[in-house]
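Please go through the model below and work out some of its local features, one question at a time.

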Amino acid sequence: MNLILCLTEQCNLRCTYCYYKDTQAARHAVMDNATLEQAIRVGLERTHAFGQNLLIVSFFGGEPLLRRDAIYHAVGFAKALVAEAIDKGTVGKDFHLEFTVNTNGTLFDDEFFDLCEREKFTIFLSLDGPGHHQDIARRTVNDTGSFKAIEKNIPRFVELKATALSTITRAHIDTVAESIKWLHSQGFRSMTTSVDFDGKWTGEDFERLAQQYREMAQYWIECRKNGDRFYLGTIQDKVKLLLSGKRYRNYSCHVYSGNLGIATNGNIYPCSRFITSRENAPYKQGNVFTGFDEIACAELRAFLERDKQECEGCDIRRRCSMHECSCTSFYTTGHIDGVSPEVCTHERMVAEICDNMIDKALA
């Protein structure tokens, strides 16, 4: 179970593509310790109820390092709670507790790096690429670039095996492949890209992006032929799904039984992109203090069990994030059963590029 804790809606950046700029527009709410502790209790209980033996506590925001105090407190509380559960036999001795943090990387210092190293944190670092690429959209509250605040710490992020998450906007298109190569040259061994689907992508935009993806795919396969097996999710996930025959929904979408997203006020959501402290927000599954709304949870179970009518007959539907990922559907259409033409076009494009690459490699 991945327990995603929105410690704060506050952030020191104002990225142009932030998907919380509407749902967390006020950017003032923070999670108090009582809510934090109850969320961890609920996460442990839910993990046990589903017969799982791994609880991942993920620190999220806003920028979670604005609440370092809460991170330190949560680590100590979660470790003590799990140790107590093991002693009592509530969970087995093989039960594992892990920590992750999703961060823009600008507020790290040696003390926090040391915590991450000591507790074996998984770090997801929002880093688009070198300065001229990063600073296009990842801007500070004062509208300056954010790259310089991260640059000096890149070697430590690499040392701790951080995953670099790069977002593509229409303003980034022509330097996407260059930026992926740059991230790899810095030593990152795990990286992926995501697209800011803003409803304004044109056919010409997708053609330019397709050229970048072809370059990325060629670079990835050449590296692998040379024994460098770094992870590039943009290409690798599509290839893996094709070759393994697995379904994206079972491989990557963990709503209902794999994710709990907790807002600052304790409201429960199925994944990170749904989280908001707004009242009466869609897909709320309950609250950590009052329990789960099982009718709302049933809607998520139904999503995992059915195909979308619009996607019937599509040969890539089980490899497509639009069809298979509730988060992607929700943030692009407002509904988990929606279908975005932009995302559909993108997924067909990526699948075709990856399939052509495999055909050439096997020829």
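The questions and answers that follow concern a predicted model.

Q: How are the axes of α2 and α3 oriented to each other?
A: Helix α2 covers residues 68-88 and helix α3 residues 110-118, and their axes are 12 Å apart. The angle between them is about 25°. Angles under 35 degrees count as roughly parallel. The two helices α2 and α3 are therefore roughly parallel.

Q: What is the hand of the crossing where α2 passes α3?
A: Two packed helices are described by the angle between their axes and the distance between the axes. For α2 and α3 these values are about 25° and 12 Å. The crossing of α2 past α3 is left-handed.

Q: How many residues apart in sequence are the parts that R46 and E294 tie together?
A: The side chains of R46 and E294 form a salt bridge, at 3.9 Å from N to O. R46 lies in helix α1 and E294 in helix α11 (residues 294-305), so the pair ties together parts whose separation in sequence is 248 residues.

Q: Which residues are joined with R156 and E159 into one network of salt bridges?
A: R247 and E324 meet in a salt bridge of 2.8 Å, N to O, and both R247, at 14% relative accessible area, and E324, at 0%, are buried. Separately, salt bridges that share partners join R156 and E159 into one network with D114 and E117.

Q: By about how many helical turns are R156 and E159 separated?
A: R156 forms a salt bridge with E159, with the closest N and O atoms 3.6 Å apart. The two residues are three residues apart in helix α6 (residues 154-159). R156 and E159 are therefore separated by about one helical turn.

Q: What is the omega of the cis peptide bond between G61 and G62?
A: Most peptide bonds are trans. The bond joining G61 and G62 is cis, and G62 lies in the loop between β2 (54-60) and α2. Omega of this bond is about 15°.

Q: Is K161, with its positive phi, buried or exposed?
A: Most residues other than glycine have a negative phi. Phi of K161 is near 60°, and K161 is found in the loop between α6 and β5 (163-168). Its relative accessibility is 68%, so K161 counts as exposed.

Q: Is Y283 buried or exposed?
A: Y283 is not a glycine, yet has a positive phi of about 70°. Y283 lies in the loop between β9 (267-269) and β10 (286-287). Its relative accessibility is 10%, so Y283 counts as buried.

Notes. Residues numbered from 1 in each chain as written. Predicted model: local features only at pLDDT ≥ 70, side-chain atom pairs only at ≥ 80, totals over all residues. Heavy atoms only, no water. Axes fitted to C-alpha atoms, helices over the stretch in contact; angles between N-to-C directions. Helix = DSSP H or I, 4+ residues; strand = E, 2+ residues; numbered from the N terminus. Parallel < 35°, antiparallel > 145°, perpendicular 65-115°, else oblique. Left-handed = near helix turned anticlockwise from the far one by under 90°. Salt bridge = Lys/Arg side-chain N within 4 Å of Asp/Glu carboxyl O. Buried < 20%, exposed > 50% of the residue type's maximum accessible area, 1.4 Å probe, protein only.
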